[in-house]
Amino acid sequence: MLMTAFGGLMWLIFTAMLVLAVVALVMAAVAREDAYRAAEKQNKMFWLIILGITVAVNLLVPMLFLQIAGLIATIVFFVDVRPALRQVSGGGRGRRGGSSSDGPYGPYNGGR
């Protein structure tokens with residue numbers, strides 16, 4: 001009984017790692033090449049290769065060490081690269097059409 005529950009939990013974790021890697025790969029593929037350069041991150045092909053290998057390892061190779069290395073690469077993409085790409089591409093939420101003098105709580109009016 002305990003081994004069956006453990007096996008189900010491991011299957012769920014491995015599936016979640018695969019889904020995260022596929023989502024990261026799609027997001028990396030959709031982003032523009034010049035956004036990677038503007039954000040001063042590795043180029044698009046680098047991330048496509050790393051995340052593609054991660055997806056392949058999660059699908060084909062049941063080696064936990066390689067899957068954890070791929071998970072770390074996926075987390076780095078989500079935490080570091082993707083926010084930088086969104087900032088460079090102007091993909092922030094709720095800030096469309098704002099002025100360059102807008103502060104975090106609205107427009108700055110010079111103390112008036």
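**Terms and Their Grounds**

Guide: Ala69 counts as partly exposed, because its relative accessibility is 39%, and partly exposed means between the limits for buried (under 20% relative accessible area) and exposed (over 50%), found with a 1.4 Å probe on protein chains only. Ala69 lies in helix α4; helices (H or I, at least four residues) and strands (E, at least two) are DSSP runs, numbered from the N terminus. The C-alpha atoms of Ala69 and Thr54 are 8.2 Å apart in space, and the two are 15 residues apart in sequence.

Visitor: What kind of model is this, and how are its residues numbered?

Guide: This is a predicted model, in which local features need pLDDT of at least 70, side-chain atom pairs count only at pLDDT 80 or more, and totals for chains, interfaces and linings use all residues. Residues are numbered from 1 along each chain as its sequence is written, and side-chain values use heavy atoms, with hydrogens and water left out.

Visitor: What is the mean pLDDT of the chain, and where is confidence lowest and highest?

Guide: pLDDT is the predictor's confidence in each residue, from 0 to 100. The mean for the chain is 84, and 79% of its residues reach 70 or more. Confidence is lowest in strand β1 (residues 102–103), with a mean of 62, and highest in α3, at 95.

Visitor: Why is Thr74 called buried?

Guide: Its relative accessible area is 2%. Buried means under 20%, so Thr74 is called buried. Thr74 is placed in helix α4. Leaving aside neighbours within four places in sequence, Thr74 is in contact (heavy atoms within 4.5 Å) with Leu20, Ala21, Ala24, Leu51 and Thr54.

Visitor: Why is Asn58 counted as buried?

Guide: Asn58 has a relative accessibility of 15%, and therefore counts as buried. This residue lies in helix α3 (residues 44–60). Beyond its neighbours within four places in sequence, Asn58 is in contact with Met17, Leu18, Ala21 and Gln67.

Visitor: Why is the pair of Phe46 and Trp47 called edge-to-face?

Guide: The structure holds 3 aromatic pairs. In that of Phe46 and Trp47, the centres are 5.4 Å apart and the planes form an angle of 85°. Rings of Phe, Tyr and Trp (its six-membered ring) pair if their centres lie within 6.5 Å; planes under 30 degrees apart count as stacked, over 60 as edge-to-face and the rest as tilted. The pair is therefore edge-to-face. Phe77 and Phe78 also form an edge-to-face pair, at 6.1 Å centre to centre and 70° between the planes. Phe46, Trp47, Phe77 and Phe78 form one aromatic cluster.

Visitor: Which residues line the largest pocket?

Guide: The lining consists of Met27, Val30, Ala31, Arg32, Ala35, Phe77, Arg82, Leu85, Arg86 and Ser89. A pocket is an open set of points on a 1 Å grid over the protein atoms alone, where a 1.4 Å probe fits, with protein on both sides within 12 Å along at least five of seven lines; lining residues have an atom within 4 Å of a point. The largest share of the lining, 5 residues, comes from α4.
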